Amino acid sequence: MGRVSGKAIIVTGSGSGIGKGFVKILAAEGAKVGVMDLNRSAADAVVAEIAASGGQAIALTGDVSKRDQVQAAFKTFVEWAGRLDVLFNNAGFNKPMPLLEVTEENWNAIMNVNGLGVLICTQEGAKYMIPNKSGKIINTASIAGRQGYPAFTPYCASKFAVNAITQATARELAKYDITCNSFAPGVVDTPLWTALNQDLFDIGEAKEPDSAMNEFGAGILKGRAALPEDLQGMALFLASKDSDYMTGQTIMIDGGMVLV
Ligand SMILES: NC(=O)c1ccc[n+]([C@@H]2O[C@H](COP(=O)([O-])OP(=O)(O)OC[C@H]3O[C@@H](n4cnc5c(N)ncnc54)[C@H](O)[C@@H]3O)[C@@H](O)[C@H]2O)c1
């Protein structure tokens, strides 16, 4: 019997990185998982990997910031799985810019996906949970939701917004026995950093084209960046009944980078 046996779980942005690690462990522990991503071929590949290991998964295509696409993807999932028990709002991205050069386009693009996308998916997911009077919503925040970083102004604002949405959701949906928590990674070695390494070098925030991740993570007490596998145990805890009495919280899981 797995720790999330029989649970129906969607993870947005699970065609890659952290989300991919989550759907793999959740399926291995008995959940039916929805692998939702902008990138359909990436979602298909993750579903094939899970199926090859004997797990149950379905690929869902959609941009989390587009309500009609989210509605269509969630409907497809519920028709397949029968219900929605847990939603991970994990899709997100960053495009660094020096403070004085941040454009409206840059701000809007990041806030749309990382902020509005969490709101839209929370609303559309909650519509399936409220009739069941149970559910768990889990948001991917960041150390950048605890403190500001140079060249990350819109990204930090979006992750502070995730904490705000988490608390407001927890208060508002408690009457339906729906909990909402988030977790805050530090530096996780995923494809997100492939782009960030180059972007931070291009704007003079890193010494070499591939050094930004290690420079950024130099103060990690655990002495290294995380791998997606380092976050899997926490994802299982948050998705399982073990976290039933917890809501409105943000778990720091950053190897000891930010101690507040
Ligand atoms: N990697 C890190 O160091 C780190 C640290 C803190 C927080 N985070 C957060 O973790 C989450 C996952 O990041 P990751 O490192 O796994 O990145 P990643 O780039 O490896 O994976 C993100 C996935 O999300 C998908 N995606 C992007 N925009 C989307 C949209 N609008 N709709 C649907 N899917 C979309 C991408 O196609 C990609 O497959 C993000 O919210 C990110 O901000 C990452």
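Helices (H or I, at least four residues) and strands (E, at least two) are DSSP runs, numbered from the N terminus. This is a predicted model, in which local features need pLDDT of at least 70, side-chain atom pairs count only at pLDDT 80 or more, and totals for chains, interfaces and linings use all residues. Residues are numbered from 1 along each chain as its sequence is written, and side-chain values use heavy atoms, with hydrogens and water left out.

**Largest pocket**

- A pocket is an open set of points on a 1 Å grid over the protein atoms alone, where a 1.4 Å probe fits, with protein on both sides within 12 Å along at least five of seven lines. Lining residues have an atom within 4 Å of a point.
- A volume is the space filled by probe spheres set on the points, which are joined across faces, edges and corners.
- The largest pocket holds about 860 Å³ of space. It is lined by 39 residues, and Asn90, Ala91, Gly92, Phe93 and Leu192 are the closest to its centre.
- At least two lining residues each come from helix H1 (17–28), strand E2 (32–37), helix H5 (153–173) and helix H6 (191–202). H6 gives the most, with 5 residues.
- Ala, Val, Leu, Ile, Met, Phe, Trp, Tyr, Cys and Pro count as nonpolar, Asp, Glu, Lys and Arg as charged, and the others, Gly among them, as polar. On that basis, the lining of the largest pocket has 23 nonpolar, 13 polar and 3 charged residues.

**Second largest pocket**

- The second largest pocket holds about 160 Å³ of space.
- Its lining consists of Leu119, Thr122, Gln123, Ala126, Ala164, Ile165, Ala168, Thr169, Glu172 and Leu173. Helix H4 (104–129) and H5 are the elements that give two or more of these residues.
- H5 gives the most to this lining, with 6 residues.
- The lining of the second largest pocket divides into 6 nonpolar, 3 polar and 1 charged residues.

**H4 against H5**

- Axes are lines fitted to C-alpha atoms, for helices over the stretch in contact, and angles run from 0 to 180 degrees between N-to-C directions.
- H4 and H5 pack with axes 9 Å apart, at an angle of about 15 degrees. They are therefore roughly parallel to each other (angles under 35 degrees count as roughly parallel, over 145 as roughly antiparallel, 65 to 115 as roughly perpendicular and the rest as oblique).
- Their crossing is right-handed, that is, the near helix is turned clockwise from the far one by less than a right angle.
- Contact means heavy atoms within 4.5 Å. By class, the contact of H4 with H5 has 13 nonpolar, 6 polar and 1 charged residues.

**H1 against H2**

- H1 and helix H2 (residues 40–52) have axes 10 Å apart and pack at an angle of about 25 degrees. That makes H1 roughly parallel to H2.
- H1 passes H2 in a right-handed crossing. Lys20, Val23, Lys24 and Ala27 of H1 make the contact with Val46, Glu49 and Ile50 of H2.
- The contact residues divide into 4 nonpolar, no polar and 3 charged.

**H1 against H8**

- H1 also packs with helix H8 (residues 232–239), at an angle of about 60 degrees and with axes 9 Å apart. The two are therefore oblique to each other.
- The crossing of H1 and H8 is right-handed. Gly21, Phe22, Ile25 and Leu26 of H1 meet Gln232, Met234, Ala235, Leu236 and Ala239 of H8.
- The contact of H1 with H8 has 7 nonpolar, 2 polar and no charged residues.
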